[in-house]
Amino acid sequence: MTFPLAPNAMIGLVGGGQLGRMSAMAAARLGYRCHILTREADSPAAQVAHAVTISDYADPVSLRAFAAAVDVISFEFENVSAEGLALLDSLKPVRPAPSVLRISQDRVTEKSFLNDAGVATAPWLSVGSLAELRDAAKRLGLPAVLKTTRLGYDGKGQRTLRDAAECADAWAALEPKPLILEGFVDFACEISVVIARGADGAMSAFDTVENRHHAHILDITLAPARIAEGTAAAAQSIARRVVAALDLVGLLAVEMFVDARGRVLVNEIAPRPHNSGHWTLDACAASQFELHIRAIAGLPLPPAVRHSDAVMKNLIGPEGVALWPAIVATPGLIPHLYGKAEARPGRKMGHFTRLFSKGALPGELGVAAALRLPLVG
Ligand code: AMP
(Lines give C-alpha, C1' and ligand atoms only; values in the text may rest on other atoms or scores of the structure.)
Protein backbone atom coordinates (compact mmCIF):
# COMPACT_ATOMS: atom_id res chain seq x y z
CA MET A 1 0.00 0.00 0.00
CA THR A 2 1.33 3.40 -0.90
CA PHE A 3 0.50 6.55 1.00
CA PRO A 4 -1.07 8.99 0.59
CA LEU A 5 -4.08 6.94 -0.35
CA ALA A 6 -5.35 7.83 -3.82
CA PRO A 7 -8.90 9.14 -4.30
CA ASN A 8 -11.50 6.33 -4.16
CA ALA A 9 -9.28 4.18 -1.91
CA MET A 10 -11.16 2.12 0.69
CA ILE A 11 -10.74 2.89 4.38
CA GLY A 12 -11.72 0.14 6.80
CA LEU A 13 -13.24 1.39 10.04
CA VAL A 14 -13.75 -0.96 12.97
CA GLY A 15 -16.89 0.04 14.88
CA GLY A 16 -20.24 1.26 13.63
CA GLY A 17 -21.17 4.09 16.01
CA GLN A 18 -21.43 7.85 15.57
CA LEU A 19 -17.65 8.34 15.55
CA GLY A 20 -17.43 5.99 12.57
CA ARG A 21 -20.39 7.75 10.96
CA MET A 22 -18.80 11.19 11.18
CA SER A 23 -15.39 9.80 10.10
CA ALA A 24 -17.02 8.16 7.06
CA MET A 25 -18.71 11.46 6.15
CA ALA A 26 -15.35 13.27 6.37
CA ALA A 27 -13.73 10.49 4.30
CA ALA A 28 -16.40 10.84 1.61
CA ARG A 29 -15.68 14.57 1.35
CA LEU A 30 -12.03 13.72 0.69
CA GLY A 31 -13.03 11.26 -2.03
CA TYR A 32 -12.50 8.05 -0.04
CA ARG A 33 -14.90 5.18 0.55
CA CYS A 34 -15.39 3.48 3.89
CA HIS A 35 -16.05 -0.13 4.78
CA ILE A 36 -17.44 -0.56 8.29
CA LEU A 37 -16.90 -3.62 10.48
CA THR A 38 -19.59 -3.74 13.15
CA ARG A 39 -21.70 -6.14 15.16
CA GLU A 40 -24.85 -4.05 14.63
CA ALA A 41 -27.33 -4.73 11.80
CA ASP A 42 -28.37 -1.07 11.40
CA SER A 43 -25.45 1.03 12.55
CA PRO A 44 -24.96 4.82 12.40
CA ALA A 45 -21.71 4.40 10.43
CA ALA A 46 -23.00 1.83 7.93
CA GLN A 47 -25.88 4.17 7.01
CA VAL A 48 -23.38 6.57 5.41
CA ALA A 49 -20.65 4.15 4.25
CA HIS A 50 -19.88 2.33 1.01
CA ALA A 51 -19.86 -1.18 2.51
CA VAL A 52 -20.42 -2.98 5.76
CA THR A 53 -19.38 -6.30 7.27
CA ILE A 54 -21.64 -7.34 10.13
CA SER A 55 -19.70 -9.66 12.37
CA ASP A 56 -18.20 -10.22 15.76
CA TYR A 57 -14.87 -8.39 16.13
CA ALA A 58 -13.13 -11.67 16.97
CA ASP A 59 -14.20 -13.81 13.98
CA PRO A 60 -11.03 -14.51 11.94
CA VAL A 61 -12.94 -15.29 8.73
CA SER A 62 -14.74 -11.93 8.83
CA LEU A 63 -11.57 -10.06 9.84
CA ARG A 64 -9.70 -11.57 6.88
CA ALA A 65 -12.47 -10.70 4.41
CA PHE A 66 -12.69 -7.16 5.83
CA ALA A 67 -8.92 -6.65 5.57
CA ALA A 68 -8.90 -7.98 2.00
CA ALA A 69 -11.52 -5.39 0.99
CA VAL A 70 -9.74 -2.28 2.34
CA ASP A 71 -6.48 -0.30 1.90
CA VAL A 72 -5.94 0.85 5.50
CA ILE A 73 -7.66 0.04 8.80
CA SER A 74 -8.60 2.37 11.65
CA PHE A 75 -10.95 2.34 14.62
CA GLU A 76 -13.79 4.11 16.30
CA PHE A 77 -14.19 1.21 18.70
CA GLU A 78 -11.05 0.16 20.53
CA ASN A 79 -11.89 -3.04 22.35
CA VAL A 80 -10.77 -5.47 19.69
CA SER A 81 -8.97 -8.54 21.05
CA ALA A 82 -5.18 -8.74 20.84
CA GLU A 83 -5.52 -11.71 18.45
CA GLY A 84 -7.95 -9.82 16.24
CA LEU A 85 -5.61 -6.82 16.12
CA ALA A 86 -2.60 -8.99 15.32
CA LEU A 87 -4.51 -10.66 12.48
CA LEU A 88 -5.61 -7.32 10.96
CA ASP A 89 -2.07 -5.95 11.36
CA SER A 90 -0.63 -8.91 9.46
CA LEU A 91 -2.91 -8.19 6.50
CA LYS A 92 -3.14 -4.40 6.06
CA PRO A 93 -1.67 -1.21 7.58
CA VAL A 94 -3.44 -0.55 10.89
CA ARG A 95 -3.44 3.10 12.05
CA PRO A 96 -3.03 3.75 14.92
CA ALA A 97 -0.85 0.67 15.47
CA PRO A 98 -2.12 -2.20 17.66
CA SER A 99 0.58 -1.31 20.22
CA VAL A 100 -1.26 1.99 20.83
CA LEU A 101 -4.61 0.28 21.30
CA ARG A 102 -3.10 -2.20 23.72
CA ILE A 103 -1.97 0.70 25.89
CA SER A 104 -5.30 2.55 25.84
CA GLN A 105 -7.39 -0.59 26.36
CA ASP A 106 -6.16 -1.12 29.90
CA ARG A 107 -6.12 1.61 32.56
CA VAL A 108 -3.10 0.13 34.36
CA THR A 109 -1.02 -0.13 31.17
CA GLU A 110 -2.22 3.35 30.19
CA LYS A 111 -1.34 5.01 33.48
CA SER A 112 2.05 3.23 33.68
CA PHE A 113 2.79 4.40 30.15
CA LEU A 114 1.80 7.99 30.93
CA ASN A 115 3.81 8.13 34.15
CA ASP A 116 6.85 6.60 32.38
CA ALA A 117 6.50 9.32 29.73
CA GLY A 118 6.70 11.93 32.49
CA VAL A 119 2.97 12.75 32.41
CA ALA A 120 1.17 13.28 35.73
CA THR A 121 -2.01 11.36 36.60
CA ALA A 122 -3.96 10.90 39.82
CA PRO A 123 -2.05 8.54 42.12
CA TRP A 124 -3.18 4.97 41.44
CA LEU A 125 -2.67 1.35 42.46
CA SER A 126 -3.59 -1.85 40.68
CA VAL A 127 -5.79 -4.10 42.86
CA GLY A 128 -6.16 -7.83 42.30
CA SER A 129 -8.03 -8.84 45.46
CA LEU A 130 -10.21 -7.39 48.23
CA ALA A 131 -7.21 -7.42 50.58
CA GLU A 132 -5.20 -5.42 48.04
CA LEU A 133 -8.11 -2.99 47.68
CA ARG A 134 -8.27 -2.41 51.44
CA ASP A 135 -4.52 -1.84 51.50
CA ALA A 136 -4.68 0.49 48.48
CA ALA A 137 -7.50 2.49 50.11
CA LYS A 138 -5.25 2.99 53.16
CA ARG A 139 -2.26 4.01 51.07
CA LEU A 140 -4.08 6.41 48.72
CA GLY A 141 -6.61 7.64 51.26
CA LEU A 142 -10.34 8.13 50.71
CA PRO A 143 -12.27 9.26 48.79
CA ALA A 144 -10.88 7.30 45.87
CA VAL A 145 -12.33 5.98 42.63
CA LEU A 146 -12.38 2.24 41.96
CA LYS A 147 -12.54 1.33 38.27
CA THR A 148 -12.37 -1.70 36.03
CA THR A 149 -9.11 -1.69 34.10
CA ARG A 150 -10.81 -2.72 30.85
CA LEU A 151 -14.08 -2.06 29.01
CA GLY A 152 -15.19 0.92 31.12
CA TYR A 153 -16.75 3.96 29.43
CA ASP A 154 -19.16 6.79 30.30
CA GLY A 155 -18.75 6.07 34.01
CA LYS A 156 -19.70 2.40 33.61
CA GLY A 157 -17.45 0.15 35.65
CA GLN A 158 -16.55 2.63 38.39
CA ARG A 159 -17.47 3.44 42.01
CA THR A 160 -16.36 6.26 44.27
CA LEU A 161 -15.32 4.95 47.69
CA ARG A 162 -15.84 7.38 50.56
CA ASP A 163 -15.55 4.95 53.47
CA ALA A 164 -13.39 1.84 53.95
CA ALA A 165 -16.56 -0.10 54.80
CA GLU A 166 -17.61 0.22 51.13
CA CYS A 167 -14.61 -1.78 49.85
CA ALA A 168 -16.24 -5.23 49.96
CA ASP A 169 -19.41 -4.19 48.12
CA ALA A 170 -17.52 -2.23 45.49
CA TRP A 171 -15.05 -5.08 44.94
CA ALA A 172 -17.93 -7.53 44.44
CA ALA A 173 -19.86 -5.18 42.13
CA LEU A 174 -17.23 -4.34 39.51
CA GLU A 175 -16.33 -6.73 36.68
CA PRO A 176 -14.11 -7.73 34.99
CA LYS A 177 -11.27 -7.97 37.51
CA PRO A 178 -8.55 -6.83 38.16
CA LEU A 179 -9.43 -3.27 39.18
CA ILE A 180 -7.57 -0.02 39.66
CA LEU A 181 -7.94 2.40 42.57
CA GLU A 182 -7.31 6.05 41.77
CA GLY A 183 -6.94 8.92 44.21
CA PHE A 184 -9.96 11.22 44.00
CA VAL A 185 -9.14 14.43 42.14
CA ASP A 186 -11.11 17.36 43.53
CA PHE A 187 -10.94 18.99 40.13
CA ALA A 188 -11.70 22.61 39.30
CA CYS A 189 -12.65 21.52 35.79
CA GLU A 190 -12.23 18.81 33.19
CA ILE A 191 -10.52 19.63 29.91
CA SER A 192 -9.35 17.80 26.81
CA VAL A 193 -7.16 18.16 23.77
CA VAL A 194 -7.68 16.36 20.46
CA ILE A 195 -4.49 16.04 18.44
CA ALA A 196 -3.69 14.49 15.06
CA ARG A 197 -0.29 13.08 14.13
CA GLY A 198 0.94 11.95 10.74
CA ALA A 199 3.37 9.16 9.87
CA ASP A 200 6.05 11.84 9.39
CA GLY A 201 5.56 13.02 12.99
CA ALA A 202 3.75 16.24 12.03
CA MET A 203 1.13 17.23 14.61
CA SER A 204 -1.97 19.34 14.53
CA ALA A 205 -3.81 20.01 17.81
CA PHE A 206 -7.19 21.60 18.41
CA ASP A 207 -7.54 24.17 21.17
CA THR A 208 -7.94 22.98 24.74
CA VAL A 209 -11.63 22.66 25.59
CA GLU A 210 -13.65 22.37 28.80
CA ASN A 211 -15.97 19.43 29.40
CA ARG A 212 -18.92 19.13 31.75
CA HIS A 213 -20.41 15.76 32.57
CA HIS A 214 -23.87 14.81 33.74
CA ALA A 215 -24.42 11.37 35.26
CA HIS A 216 -20.86 10.42 34.12
CA ILE A 217 -21.66 11.18 30.46
CA LEU A 218 -20.29 14.20 28.59
CA ASP A 219 -23.01 16.86 28.56
CA ILE A 220 -21.39 20.07 27.30
CA THR A 221 -18.09 21.09 25.72
CA LEU A 222 -16.97 24.73 25.75
CA ALA A 223 -14.44 25.72 23.11
CA PRO A 224 -12.09 27.18 24.10
CA ALA A 225 -11.77 26.18 27.78
CA ARG A 226 -12.19 29.11 30.14
CA ILE A 227 -8.94 28.50 31.98
CA ALA A 228 -5.68 30.36 32.49
CA GLU A 229 -3.56 30.59 29.35
CA GLY A 230 -0.72 28.72 31.05
CA THR A 231 -3.04 25.83 31.96
CA ALA A 232 -4.35 25.55 28.40
CA ALA A 233 -0.76 25.60 27.13
CA ALA A 234 0.26 22.91 29.65
CA ALA A 235 -2.56 20.70 28.33
CA GLN A 236 -1.35 21.24 24.77
CA SER A 237 2.19 20.27 25.63
CA ILE A 238 1.00 17.15 27.47
CA ALA A 239 -1.02 16.10 24.39
CA ARG A 240 2.05 16.56 22.16
CA ARG A 241 4.23 14.61 24.55
CA VAL A 242 1.76 11.71 24.78
CA VAL A 243 1.08 11.42 21.05
CA ALA A 244 4.82 11.47 20.32
CA ALA A 245 5.60 8.90 23.05
CA LEU A 246 2.94 6.61 21.56
CA ASP A 247 4.37 7.18 18.05
CA LEU A 248 0.71 7.38 17.07
CA VAL A 249 -0.49 7.84 13.50
CA GLY A 250 -4.08 9.04 13.57
CA LEU A 251 -6.00 10.96 16.19
CA LEU A 252 -5.65 11.04 19.98
CA ALA A 253 -7.95 12.57 22.59
CA VAL A 254 -6.39 13.34 25.96
CA GLU A 255 -8.85 13.87 28.83
CA MET A 256 -7.45 15.81 31.77
CA PHE A 257 -8.36 17.27 35.16
CA VAL A 258 -7.32 20.71 36.29
CA ASP A 259 -6.97 20.49 40.06
CA ALA A 260 -7.51 23.24 42.61
CA ARG A 261 -3.84 24.30 42.32
CA GLY A 262 -4.05 24.56 38.53
CA ARG A 263 -2.07 21.34 37.94
CA VAL A 264 -3.05 19.32 34.88
CA LEU A 265 -3.47 15.55 35.43
CA VAL A 266 -4.31 13.13 32.64
CA ASN A 267 -7.40 10.98 33.29
CA GLU A 268 -7.45 8.92 30.14
CA ILE A 269 -6.48 8.80 26.49
CA ALA A 270 -8.45 7.58 23.48
CA PRO A 271 -6.70 6.92 20.14
CA ARG A 272 -9.69 7.95 17.99
CA PRO A 273 -12.11 10.81 17.42
CA HIS A 274 -13.73 11.89 20.68
CA ASN A 275 -17.04 13.34 21.83
CA SER A 276 -15.24 16.40 23.20
CA GLY A 277 -14.05 17.12 19.64
CA HIS A 278 -17.48 17.23 17.98
CA TRP A 279 -17.50 21.04 18.13
CA THR A 280 -14.70 21.02 15.52
CA LEU A 281 -17.23 19.95 12.85
CA ASP A 282 -18.78 23.41 12.98
CA ALA A 283 -16.14 25.70 14.47
CA CYS A 284 -13.05 24.65 12.46
CA ALA A 285 -12.29 24.52 8.74
CA ALA A 286 -11.10 20.92 9.12
CA SER A 287 -12.80 18.85 11.86
CA GLN A 288 -11.32 16.14 14.09
CA PHE A 289 -12.86 13.60 11.69
CA GLU A 290 -11.13 15.13 8.69
CA LEU A 291 -7.81 15.18 10.55
CA HIS A 292 -8.34 11.54 11.57
CA ILE A 293 -8.92 10.53 7.94
CA ARG A 294 -6.06 12.70 6.65
CA ALA A 295 -3.63 11.21 9.21
CA ILE A 296 -4.46 7.58 8.45
CA ALA A 297 -4.56 8.24 4.68
CA GLY A 298 -1.17 9.95 4.72
CA LEU A 299 -2.50 13.33 3.54
CA PRO A 300 -0.93 16.54 4.89
CA LEU A 301 -2.42 17.79 8.17
CA PRO A 302 -3.70 21.36 8.05
CA PRO A 303 -3.40 23.46 11.20
CA ALA A 304 -6.36 22.78 13.52
CA VAL A 305 -7.53 26.38 13.43
CA ARG A 306 -10.72 27.41 15.22
CA HIS A 307 -12.66 30.09 13.36
CA SER A 308 -15.37 30.46 16.03
CA ASP A 309 -15.97 29.83 19.70
CA ALA A 310 -18.46 27.04 20.30
CA VAL A 311 -20.69 25.28 22.78
CA MET A 312 -21.55 21.65 22.03
CA LYS A 313 -24.36 19.86 23.84
CA ASN A 314 -25.01 16.13 23.69
CA LEU A 315 -28.48 14.68 23.16
CA ILE A 316 -28.70 11.69 25.46
CA GLY A 317 -31.42 9.03 25.49
CA PRO A 318 -35.15 9.66 25.08
CA GLU A 319 -34.93 13.09 26.77
CA GLY A 320 -32.32 14.17 24.24
CA VAL A 321 -34.40 13.02 21.27
CA ALA A 322 -37.42 14.85 22.70
CA LEU A 323 -35.50 18.13 22.22
CA TRP A 324 -35.05 17.52 18.49
CA PRO A 325 -38.09 19.48 17.19
CA ALA A 326 -37.01 22.51 19.22
CA ILE A 327 -33.41 22.21 18.08
CA VAL A 328 -34.21 22.09 14.37
CA ALA A 329 -36.67 24.97 14.86
CA THR A 330 -34.10 27.24 16.53
CA PRO A 331 -32.01 29.41 14.22
CA GLY A 332 -28.33 29.35 15.13
CA LEU A 333 -28.27 25.79 16.48
CA ILE A 334 -26.39 23.32 14.30
CA PRO A 335 -28.04 19.90 14.62
CA HIS A 336 -26.39 16.49 14.31
CA LEU A 337 -28.36 13.25 14.70
CA TYR A 338 -26.72 9.84 14.55
CA GLY A 339 -29.45 7.66 12.99
CA LYS A 340 -29.98 5.40 16.00
CA ALA A 341 -33.37 3.71 15.86
CA GLU A 342 -33.70 3.13 19.59
CA ALA A 343 -33.29 5.88 22.21
CA ARG A 344 -32.18 3.90 25.25
CA PRO A 345 -31.46 5.85 28.47
CA GLY A 346 -27.87 7.07 28.52
CA ARG A 347 -27.38 6.46 24.79
CA LYS A 348 -25.71 9.21 22.75
CA MET A 349 -28.31 10.05 20.09
CA GLY A 350 -26.92 13.27 18.64
CA HIS A 351 -25.57 16.69 19.57
CA PHE A 352 -25.93 20.32 18.64
CA THR A 353 -23.49 23.18 18.45
CA ARG A 354 -23.93 26.91 18.83
CA LEU A 355 -21.19 29.14 17.45
CA PHE A 356 -20.01 32.51 18.74
CA SER A 357 -17.58 34.95 17.20
CA LYS A 358 -14.03 34.11 18.17
CA GLY A 359 -13.34 35.49 21.64
CA ALA A 360 -17.06 35.96 22.35
CA LEU A 361 -17.86 32.72 24.21
CA PRO A 362 -20.30 33.99 26.85
CA GLY A 363 -20.00 33.55 30.62
CA GLU A 364 -21.95 30.98 32.65
CA LEU A 365 -25.33 32.68 32.30
CA GLY A 366 -24.78 33.31 28.62
CA VAL A 367 -23.98 29.65 27.97
CA ALA A 368 -27.12 28.58 29.84
CA ALA A 369 -29.17 31.07 27.80
CA ALA A 370 -27.56 29.90 24.56
CA LEU A 371 -28.62 26.32 25.27
CA ARG A 372 -32.16 27.16 26.40
CA LEU A 373 -34.66 25.87 23.86
CA PRO A 374 -38.09 27.23 23.03
CA LEU A 375 -41.09 24.99 23.75
CA VAL A 376 -42.19 23.38 20.51
CA GLY A 377 -45.31 21.28 19.83
P1 AMP B 1 -13.54 7.86 33.17
O2 AMP B 1 -14.42 6.69 32.92
O3 AMP B 1 -12.22 7.54 33.74
O4 AMP B 1 -13.48 8.80 31.98
O5 AMP B 1 -14.30 8.74 34.28
C6 AMP B 1 -15.57 9.34 34.01
C7 AMP B 1 -15.72 10.59 34.88
O8 AMP B 1 -15.65 10.24 36.28
C9 AMP B 1 -14.61 11.61 34.67
O10 AMP B 1 -14.88 12.42 33.55
C11 AMP B 1 -14.69 12.36 36.00
O12 AMP B 1 -15.78 13.27 36.00
C13 AMP B 1 -14.96 11.25 37.01
N14 AMP B 1 -13.67 10.71 37.53
C15 AMP B 1 -12.96 9.70 36.99
N16 AMP B 1 -11.83 9.47 37.70
C17 AMP B 1 -11.81 10.36 38.70
C18 AMP B 1 -10.89 10.65 39.78
N19 AMP B 1 -9.76 9.93 39.94
N20 AMP B 1 -11.20 11.67 40.60
C21 AMP B 1 -12.34 12.39 40.44
N22 AMP B 1 -13.25 12.16 39.46
C23 AMP B 1 -13.00 11.17 38.61
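The legends below describe close-up views of a predicted model.

**View 1. A parallel sheet of four strands.** The strands of this open sheet follow the order E3-E2-E1-E4, and their pairing is parallel. Strands E3 and E4 are the edge strands, each of which pairs on one side only. From one strand to the next, the twist averages 25°. Within the sheet, E1 and E2 run parallel and are joined by five bridges.

**View 2. The buried and exposed sides of helix H2.** Helix H2 comprises residues 60-69, and its buried residues are Ser 62, Leu 63, Phe 66 and Ala 67. Seen down the axis of H2, these buried residues fall within an arc of 130°, so they line one face of the helix. The exposed residues Val 61 and Ala 68 are carried on the face turned away from the buried side. The partners of the buried residues of H2 are strand E1 (10-14), strand E2 (33-38), strand E3 (51-54), strand E4 (72-75) and helix H3 (82-91), against which they pack.

**View 3. The crossing of helices H1 and H10.** Helix H1 covers residues 18-29; the axes of H1 and H10 come within 8 Å and cross at roughly 70°. That angle makes H1 roughly perpendicular to H10. The contact involves Leu 19, Met 22, Ser 23, Ala 26, Ala 27 and Arg 29 on the H1 side, and Phe 289, Glu 290, His 292 and Ile 293 on the H10 side. The crossing of H1 past H10 is right-handed.

View 4. Is Glu 290 buried or exposed? Glu 290 is buried, its relative accessible area being 8%. When neighbours within four places in sequence are left aside, the residues in contact with Glu 290 are Ala 26, Arg 29, Leu 30 and Ala 285. Two of the residues in this view, Ala 26 and Arg 29, also take part in the contact of H1 with H10.

**View 5. An antiparallel sheet of four strands.** This open sheet has the strand order E5-E8-E6-E7 with antiparallel pairing. At its edges stand strand E5 (124-127) and strand E7 (158-161); each has a single partner strand, so one side of each is left without a neighbour in the sheet. The twist from one strand to the next averages 20°. Strand E5 pairs with strand E8 (residues 179-183) in the antiparallel sense over four bridges. Trp 124 can be found opposite Glu 182 of E8. Helix H6 (residues 130-140) lies across E5, strand E6 (144-148), E7 and E8, and runs at about 170° to E5.

**View 6. Gly 157 in the loop between E6 and E7.** The loop that links E6 and E7 holds Gly 157. Gly 157 is partly exposed, with 22% relative accessible area. Apart from neighbours within four places in sequence, Gly 157 is in contact with Leu 146, Lys 147, Thr 148 and Leu 174. Lys 111 lies 46 residues from Gly 157 in sequence, and the two are 17 Å apart in space, C-alpha to C-alpha.

**View 7. Strands E9, E11 and E12.** Strand E9 (residues 187-197) and strand E11 (residues 209-214) run antiparallel and are joined by three bridges. Ile 191 has Glu 210 as its bridge partner in E11. Strand E11 also pairs with strand E12 (residues 217-223), in the antiparallel sense, over five bridges. For His 213, the bridge partner in E12 is Leu 218. The hairpin of E11 and E12 has two residues between the strands, and Ala 215 in this hairpin takes a positive phi near 50°.

**View 8. Glu 229 in helix H8.** Helix H8 consists of residues 229-246 and includes Glu 229. The relative accessible area of Glu 229 is 77%, and this residue is exposed. Glu 229 and Thr 208 are separated by 21 residues in sequence, and in space they are 9.9 Å apart, C-alpha to C-alpha.

How values were computed:
Residues numbered from 1 in each chain as written. Predicted model: local features only at pLDDT ≥ 70, side-chain atom pairs only at ≥ 80, totals over all residues. Heavy atoms only, no water. Buried < 20%, exposed > 50% of the residue type's maximum accessible area, 1.4 Å probe, protein only. Arc of directions from axis to C-beta. Contact = heavy atoms within 4.5 Å. Pairing = 2+ DSSP bridges. Axes fitted to C-alpha atoms, helices over the stretch in contact; angles between N-to-C directions. Parallel < 35°, antiparallel > 145°, perpendicular 65-115°, else oblique. Left-handed = near helix turned anticlockwise from the far one by under 90°.
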